[in-house]
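Hi there,

Here is the structure I promised to pass on to you. Have a look at it first, and then read on for what turned up in it.

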Amino acid sequence: MSEAKNGDTVKVHFTGKLENGEIFSKSEVETPIEVTLGNGELLPGFENGILGMEVGEKKTITVPPE
């Protein structure tokens, strides 16, 4: 399979949670967000976590506050 890299357009489902578990943002169940990696559309920590992922892969990405 191909890994996500800068310049790729990807669709991502996500749930944004604070350290205490409170949800602050979430993609729609049937509608993922669609972004082009490397265009600055996402928080850098989130985008860096997506880079290298493969289709169908699930993972937890921790984004530092800075």
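Before we start, one term: a contact, or a touch, means heavy atoms within 4.5 Å. Please also keep in mind that this is a predicted model.

With that term in hand, let us begin with T15. This residue is found in strand β2. Leaving aside residues up to four places away in sequence, T15 touches I23, S25 and K26. One of these, K26, is also the bridge partner of T15 in β3. How far from T15 is S27, twelve residues apart along the chain? Their C-alpha atoms are separated by 6.5 Å. Is T15 buried, exposed or something in between? Its relative accessible area is 39%, so T15 counts as partly exposed, since that class runs between 20% and 50%.

The two strands around T15 are worth a look together. β2 and β3 pair in the antiparallel sense, over three bridges. They form a hairpin with five residues between them. In the turn you will find G21, which has a positive phi of about 95 degrees.

Now step back to the whole protein. How many helices and strands does it have? There is one helix, and there are four strands. Along the sequence they follow the pattern β-β-β-β-α. The radius of gyration is 12 Å, close to the 11 Å that the globule rule gives for 66 residues, so the protein is as compact as a globular protein of that length. Taken along the principal axes, the C-alpha atoms fill a box of roughly 35 × 30 × 20 Å. Of the 66 residues, 21% count as buried. If you take the contacts with a separation of 6 or more, residues 24 or more positions apart account for 41% of them.

Next, strand β1. It pairs with strand β4 (residues 33–36) in the antiparallel sense, over four bridges. Within that pairing, V12 stands opposite I33 in β4. In β1, the covered face has V10 and V12, while T9 and K11 make up the uncovered face.

β1 also brings us to the largest pocket. About 1200 Å³ of space lies in this pocket. It is lined by 35 residues, and the closest to its centre are V12, H13, F14, F46 and I61. The elements that give two or more residues to the lining are β1 (9–12), β2 (15–17), β3 (23–26) and α1 (44–50). Which element gives the largest share? That is β1, with four residues. By type, the lining divides into 17 nonpolar, nine polar and nine charged residues.

- With a relative accessible area of 32%, G52 is partly exposed. Not counting residues up to four places away in sequence, G52 touches E3, A4 and E57. G52 and G16 are 36 residues apart in sequence, and 20 Å apart in space, C-alpha to C-alpha.
- K58 lies in the segment after α1 too. K58 counts as exposed, at 79% relative accessibility, because the exposed class takes values over 50%. K58 and V12 are 46 residues apart along the chain, and their C-alpha atoms are separated by 9.8 Å.

Key:
Residues numbered from 1 in each chain as written. Predicted model: local features only at pLDDT ≥ 70, side-chain atom pairs only at ≥ 80, totals over all residues. Heavy atoms only, no water. 1 Å grid on protein atoms, 1.4 Å probe; cavity = no way out; pocket = protein on both sides within 12 Å on 5 of 7 lines; lining within 4 Å. Points joined across faces, edges and corners; volume = space filled by probe spheres on them. Nonpolar A, V, L, I, M, F, W, Y, C, P; charged D, E, K, R; others polar. Buried < 20%, exposed > 50% of the residue type's maximum accessible area, 1.4 Å probe, protein only. Pairing = 2+ DSSP bridges. Rg over C-alpha atoms; globule rule 2.2 N^0.38 Å.
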